[in-house]
Amino acid sequence: MYEKITPPSTGAKITFKNGEPVVPENPIIPFIRGDGTGIDIWPATEKVLDAAVAKAYSGKRKISWFRVYAGDEACDLYGTYQYLPQDTLTAIKEYGVAIKGPLTTPVGGGIRSLNVALRQIFDLYTCVRPCRYYAGTPSPHKTPEKLDVIVYRENTEDIYLGIEWKQGSEIGTRLIKILNEELIPATPEHGKKQIPLDAGIGIKPISKTGSQRLVRRAIKHALLLPKDKQQVTLVHKGNIMKYTEGAFRDWGYELATTEFRQETVTERESWILGNKEKNPNISAEENAHEIDPGFDALTPEKKAQIVKEVETVLNTIWESHGNGQWKDKIMVNDRIADSIFQQIQTRPDEYSILATMNLNGDYLSDAAAAIVGGLGMGPGANIGDSCAIFEATHGTAPKHAGLDKINPGSVILSGVMMLEYMGWQAAADLIKKGLGAAIANGQVTYDLARLMEPPVQPLKCSEFADAIIKHFG
């Protein structure tokens, strides 16, 4: 089955049932060490994960690690340009859950990004990026401890699908001509718009299926959170891109109010219900006026539409959601993408789970990570219905490779996410406790040490791992 690698002789496969992992006591988990600083941060990560599992379960559970290859180290073993060998793909498919360090993006043609390729090959449609603050971590923000969000980013669609044509290419030029001469004029709402003939052109597909399966996972995650954190915010630029990003918002609401009707309430529904609770005799038109401050300036048709919305909400969910019942349900709301960037800084404690499309999620997750200490402390997971890959969110930093100095926090915390995904919460909690205590005591690598006030003596990458383990208690 494998050309150059051999699975462990002990351990069992993780399987999947209804999109969720079924985990044995001794799972075999493939790992990709990663390029550049992967040589330092992976051994530190493996040491911490193994120590946490051993302590939490007194030897009753154990991970059997299976080394597989991707990136530059794959080329060293399999040959030039073999960045993603079949051995690796076979192993990840067979064993279901994997973890990886940072990978080099190939230069030249072929695979644009190994990370994107893995997501598309295994249909890992959900990218999960938690951003929470550990006390003592240097941050450019005055109150980073207020930010505790989880970004749910759609992973397989949007412009990251990678369908585009270079300026001046035959197909690109032909497509622009067809759009300009046939398709745009045939759509009255586009008026006399034209695409410049010297433009590159790309496709931005957003599907109902892709949008709703992402939002479904986000809502299921919200159900597991404490009551005060049960909120899902749909992030979009639907005021401009109505049929892609606007549709993402609409499809998200549709899913929430059908599949999760008893567990959710939308923000507008909460306003309607709240108005009725404050004033039981309020009319539908008065209620409509309250939820839309610009009601008086609207056309009669739009006024009637909002009044109808009020009546529908009260007729369909008052019994199940009224009289304050909605306050115990998951709040589903939406925010414009550019607005959420400033709101996670000015009102960070108002948000919990942010569900976004691919490009917006890429920007937003990095921005949120910067508030709580940077990508060195940012974990990530890519999850599908029959596979999950956990990964470092930063680059390879080759100039630091082999120096035993880089921060392994991103991969360690990705390992925490992996343990939580597997249901091994006790081990995950030990690592979070140990990591938090190490940082609070100034036992950190150089990237954090130099920013602390006063600066502290930095630990090596391997020493940071040891400090985390010592703080397990």
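Buried means under 20% relative accessible area, exposed means over 50%, and partly exposed lies in between (1.4 Å probe, protein chains only). The legends below concern a predicted model, in which local features need pLDDT of at least 70, side-chain atom pairs count only at pLDDT 80 or more, and totals for chains, interfaces and linings use all residues. Residues are numbered from 1 along each chain as its sequence is written, and side-chain values use heavy atoms, with hydrogens and water left out.

View 1. Cys131 is buried, with a relative accessible area of 2%. The cysteine sulfur closest to that of Cys131 belongs to Cys127 and is 10 Å away, too far for a bond. A disulfide is a pair of cysteine sulfur atoms within 2.5 Å, and a search of the whole structure finds 0 of them. Cys75 is also buried, at a relative accessible area of 16%.

**View 2. The salt bridge between Glu94 and Lys13.** A salt bridge places a side-chain nitrogen of Lys or Arg within 4 Å of a carboxyl oxygen of Asp or Glu; the count by this rule comes to 24. In this view, the side chains of Glu94 and Lys13 form such a bridge, at 2.9 Å from N to O. Glu94 lies in helix α3 (residues 86-95) and Lys13 in the segment before β1 (15-17), so the pair ties together parts that are 81 residues apart in sequence. Helices (H or I, at least four residues) and strands (E, at least two) are DSSP runs, numbered from the N terminus. Lys13 is partly exposed, at 44% relative accessibility.

**View 3. The salt bridge between Glu391 and Lys100.** The side chains of these two residues meet at 3.2 Å, N to O. The pair links distant parts of the chain, with Glu391 in strand β15 (residues 388-392) and Lys100 in strand β5 (residues 97-100), 291 residues apart. Both Glu391 and Lys100 are buried.

View 4. Asp250 and Arg249 meet through their side chains at 2.9 Å, N to O. Asp250 is partly exposed at 39% relative accessibility, and Arg249 is likewise partly exposed, at 22%. Salt bridges that share partners join Glu20, Arg217 and Asp385 into one network.

**View 5. Gln342 in helix α11.** Gln342 has its place in helix α11, which spans residues 337-346. Its relative accessible area of 38% makes Gln342 partly exposed. The C-alpha atoms of Gln342 and Asn115 are separated by 28 Å, and the two residues are 227 residues apart along the chain.
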